[in-house]
Amino acid sequence: MSESDFFTTLSLYASFMGPGAMYAQDVVFDSNTTLEAYRVKSEYVRLTKEDRSGNVIDDADRQVEAMEATRDMIDSWTDLPPAFPYSVKFTTIEGFK
């Protein structure tokens, strides 16, 4: 698929009458083939805590929970090719289990 075809498909999918209508307000095209802007919703989740001395340290329980939730979320995507989420930080977090 070419870049032009991708943006055309995306614009049709995310149109107000398309199957991805819930995303229609999250993308802006200046034509069918030029993406002008897109919105990504995110939320910061703190995965650290303070020890008794006030030093910031890893919160192992929250980090393991977040890592496993990320893997579960990706496993639930049945309409995409299989993927295994990985991060260098995951290597450390695996040690917390």
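How many salt bridges does the structure hold? The structure holds five salt bridges, a salt bridge being a side-chain nitrogen of Lys or Arg within 4 Å of a carboxyl oxygen of Asp or Glu. The model is predicted, so local features need pLDDT of at least 70 and side-chain atom pairs count only at pLDDT 80 or more, whereas totals for chains, interfaces and linings use all residues. Residues are numbered from 1 along each chain as its sequence is written, and side-chain values use heavy atoms, with hydrogens and water left out.

One of the salt bridges joins Arg-39 to Asp-26, with the closest N and O atoms 2.8 Å apart. This pair links distant parts of the chain, 13 residues apart: Arg-39 is in the loop between β2 (34-38) and β3 (48-50), and Asp-26 is in the loop between α1 and β1 (27-31). Helices and strands are DSSP runs numbered from the N terminus, with helices (H or I) of at least four residues and strands (E) of at least two. Arg-39 is partly exposed at 45% relative accessibility, while Asp-26 is buried, with a relative accessible area of 14%. In these terms, buried means under 20% relative accessible area, exposed means over 50%, and partly exposed lies in between (1.4 Å probe, protein chains only).

A network of salt bridges links Glu-68, Arg-71, Glu-94 and Lys-97. Within it, the side chains of Arg-71 and Glu-94 meet in a salt bridge of 2.6 Å, N to O. This pair also links distant parts of the chain, with Arg-71 in helix α2 and Glu-94 in helix α3 (residues 88-94), 23 residues apart. Arg-71 counts as buried at 16% relative accessibility, and Glu-94 counts as partly exposed at 32%. Glu-94 forms a further salt bridge with Lys-97, where the closest N and O atoms are 3.6 Å apart. Lys-97 is exposed, with a relative accessible area of 55%.

Gln-63, Val-64, Met-67, Arg-71 and Ile-74 are the buried residues named in α2. They cover an arc of only 100° around the axis, so they lie on the same side of α2. The arc is that of the directions from the helix axis to the C-beta atoms. An α-helix has 3.6 residues a turn, so residues three or four places apart point the same way. The face of α2 turned away from the buried side carries the exposed residues Asp-61, Glu-65 and Asp-72.

Thr-70 is also found in helix α2 and is partly exposed at 27% relative accessibility. The C-alpha atoms of Thr-70 and Thr-48 are separated by 17 Å, the two residues being 22 apart along the chain. Met-67, one of the buried residues of α2, has its C-alpha atom 11 Å from that of Thr-92, 25 residues apart along the chain. Thr-92 is in helix α3 and is partly exposed, with a relative accessible area of 40%.

A search of the whole structure finds one aromatic pair. The rings of Phe-6 and Phe-7 have their centres 5.4 Å apart and their planes at 65°, so the pair is edge-to-face. Rings of Phe, Tyr and Trp (its six-membered ring) pair if their centres lie within 6.5 Å, and planes under 30 degrees apart count as stacked, over 60 as edge-to-face and the rest as tilted. Phe-6 is partly exposed, with a relative accessible area of 42%, whereas Phe-7 counts as buried at 13%.

Tyr-13 is found in helix α1 (residues 3-13) and is partly exposed, with a relative accessible area of 38%. Together with Met-22 and Tyr-23, Tyr-13 forms a nonpolar patch on the surface, with about 350 Å² of accessible area in all. Patches are made of residues with over 30% relative accessible area and no salt bridge, like charges being joined within 9 Å and nonpolar side chains (Val, Leu, Ile, Met, Phe, Trp, Tyr) within 5 Å. Accessible areas come from the Shrake-Rupley method with a 1.4 Å probe, and for residues only the protein chains shown count as cover.
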